[in-house]
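Biologist: Hi, I'm new to this one. Could you walk me through a few spots?
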Amino acid sequence: MKSILQQISEKFRAQEKEDTAAIQAEISNPATSNDRRNFLKKTALGGIALGGFMGMSLEDTLAQTTSKVSRASSPADLKITDMRYAVAFIKNEPAAKGSTSGQCAIIRIDTNQGIYGLGEVRDGADVRYALMLKSRLLGQNPCNVEQIFKSVKQFGGHGRAAGGVCGVEMALWDLCGKAYGVPAWQLLGGRYRDKVRLYADTPESTDVSEMKEKVRVRLEDQGFTWLKMDLSIRSLQNIKGATVNTGFWNAGTASQFNDPSITSYANTLHPFTQIQITDKGLEHMASVVENVRSVIGYEVPLSSDHYGHFDVNTSIRLGRAVEKYRLAWLEDMVPWFYTDQWITVTQALETPTITGEDIFLKEEFKKLVDKQAVDLIHPDLASSGGLLETKRIGDYAEEGGVAMAMHFAGTPVSFMANVHCAAATQNFLALEHHSPDVPFWESLVKTTDGRKLYEKGFAKVPDMAPGLGVELNEEVFKQHLHLADRSYFRPTPEWDEKRSHDRLWS
């Protein structure tokens with residue numbers, strides 16, 4: 001029977017052999033430039049890949065490769081040597097062909113000192129958004145987070161297009177925290193709280209009793225203290241005379257998401273559908289909210305989302321129909337970039353309005369705050385710019401008297417990036433947890449200090465765990481790789497070469 005030390009040693013040497021072969025193959029490739037070849041020879045000597053630890057005893061090797069802090073003893077000399085990835089699927093049902101829902105890519109940025117950082121490309125986004133940045137990172141010190149972010153943020157965009165830039169930023173903070181031996185929240189300036197309140201997304205159901213049971217489970221079994229419910233025109237699909245013009249769009253059954261046709265309901269902006277909700281429909285939708293309130297009472301904040309694609313007038317009518325139930329917010333009633341329309345909706349309603357999950361960088365949030373277009377902002381850290389940019393967004397909103405909730409629908413890696421940012425931002429309200437019904441979600445990672453990721457509706461902020469404070473649970477993660485790409489942190493030399501002039505000015 002092999003000892004645990006022997007098993008770890010064998011696993012380490014097998015991985016070392018694989019990495020060495022990959023690097024040697026690139027060095028031997030005639031297509032590799034001389035500069036790149038010299039870079040690989042120099043930087044790889046400082047890490048695991050070319051046997052930097054072969055002269056050590058087994059005990060020394062284990063200490064060097066598993067220590068949380070001491071293995072990164074020289075932050076000033078850290079250099080990025082590689083970026084690799086693995087794509088997870090975090091839904092209970094099988095991945096639908098062509099669908100990106102549930103797809104979450106993890107990137108790993110390696111260094112010449114054997115430590116690495118984990119980041120996440122936003123849910124539903126293409127991992128290549130991050131991989132194309134690799135050539136711009138190689139050889140840089142990952143602790144220069146802001147400088148690197150400024151050089152790559154031009155390659156981000158609103159929505160999922162920001163996923164690569166934000167995933168890289170997360171991984172850099174993870175690396176920097178490990179290098180200096182401190183949690184990411186400390187690098188952001190310290191924390192305001194030692195636990196982060198979560199709000200649980202609760203998808204809708206056309207069956208009222210089923211919806212009420214889902215809500216009960218969230219409160220009583222899972223312990224959440226803040227809920228969000230879907231409240232959409234899909235609940236009206238079997239009620240004659242509840243809507244106008246939904247038949248043309250097939251909006252009663254069609255999804256708001258994942259439809260590739262540019263002329264589909266999913267891809268038609270809200271002002272351009274001419275869908276309306278009748279008084280009969282509004283009464284039914286109000287009754288859905290009333291039923292949920294009958295289960296949870298009024299002490300628990302109840303947010304709402306996913307109404308459907310209809311215009312400002314119908315948005316206001318719906319908002320007024322549910323006003324007496326004191327919803328915590330009405331989310332994304334119109335697209336975020338229609339600032340003037342948001343002003344109209346916000347001024348017409350007493351229920352708070354909120355948007356922002358698809359906005360990249362602070363500039364567009366500033367417009368919303370400056371014009372008091374919404375009552376709350378709602379960045380998704382994996383789109384808004386990562387930890388530091390999201391904290392800056394929150395700080396700016398705070399100065400304008402606007403609170404911040406945070407949207408999230410990914411793996412525990414991005415979850416922890418959000419937790420650190422939320423801990424460091426004063427005007428924070430609650431962070432979304434989109435996967436409380438996915439049984440394996442929490443086991444995708446291991447916390448480096450032994451804490452639970454969250455409990456009874458709150459995430460524990462790590463006291464001392466460096467970086468993000470989590471590592472992948474390799475055995476579990478491999479069981480949930482996306483069917484479209486089963487690779488697990490394979491070498492990515494095809495992304496090493498930079499092929500453009502990136503400067504934005506002349």
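Predicted model: local features only at pLDDT ≥ 70, side-chain atom pairs only at ≥ 80, totals over all residues.

Biologist: OK, so is Asp332 exposed or partly exposed?

Modeller: Asp332 has 21% relative accessibility, so it counts as partly exposed. Asp332 also has a positive phi of about 50°, although it is not a glycine.

Biologist: Where does Asp332 lie?

Modeller: In the loop between strand E9 (329-331) and H12.

Biologist: And what about Lys456?

Modeller: Phi of Lys456 is positive too, near 50°, and Lys456 isn't a glycine. Lys456 lies in the loop between strand E15 (454-455) and strand E16 (458-460). With a relative accessible area of 51%, Lys456 is exposed.

Biologist: Why point out a positive phi?

Modeller: Most residues other than glycine have a negative phi.

Biologist: Switching to helices: at what angle do H11 and H12 cross?

Modeller: At roughly 25°, with the axes of H11 (residues 312-321) and H12 (residues 339-348) coming within 10 Å. Angles under 35 degrees count as roughly parallel, so H11 and H12 are roughly parallel to each other.

Biologist: Which residues make the contact?

Modeller: From H11, Val312, Ser315, Ile316 and Arg320; from H12, Gln341, Thr344, Val345 and Ala348. By class, that contact has 4 nonpolar, 3 polar and 1 charged residues.

Biologist: Last one: how many residues does H15 have?

Modeller: H15 (residues 387-399) has 13 residues and reaches 19 Å from its first C-alpha to its last, close to the expected 18 Å. Several H15 residues are buried, including Leu387, Ile393 and Ala397. Just after H15, Gly401 takes a positive phi of about 75°.

Definitions and conventions:
Residues numbered from 1 in each chain as written. Heavy atoms only, no water. Axes fitted to C-alpha atoms, helices over the stretch in contact; angles between N-to-C directions. Helix = DSSP H or I, 4+ residues; strand = E, 2+ residues; numbered from the N terminus. Parallel < 35°, antiparallel > 145°, perpendicular 65-115°, else oblique. Contact = heavy atoms within 4.5 Å. Nonpolar A, V, L, I, M, F, W, Y, C, P; charged D, E, K, R; others polar. Expected span 1.5 Å × (residues − 1). Buried < 20%, exposed > 50% of the residue type's maximum accessible area, 1.4 Å probe, protein only.
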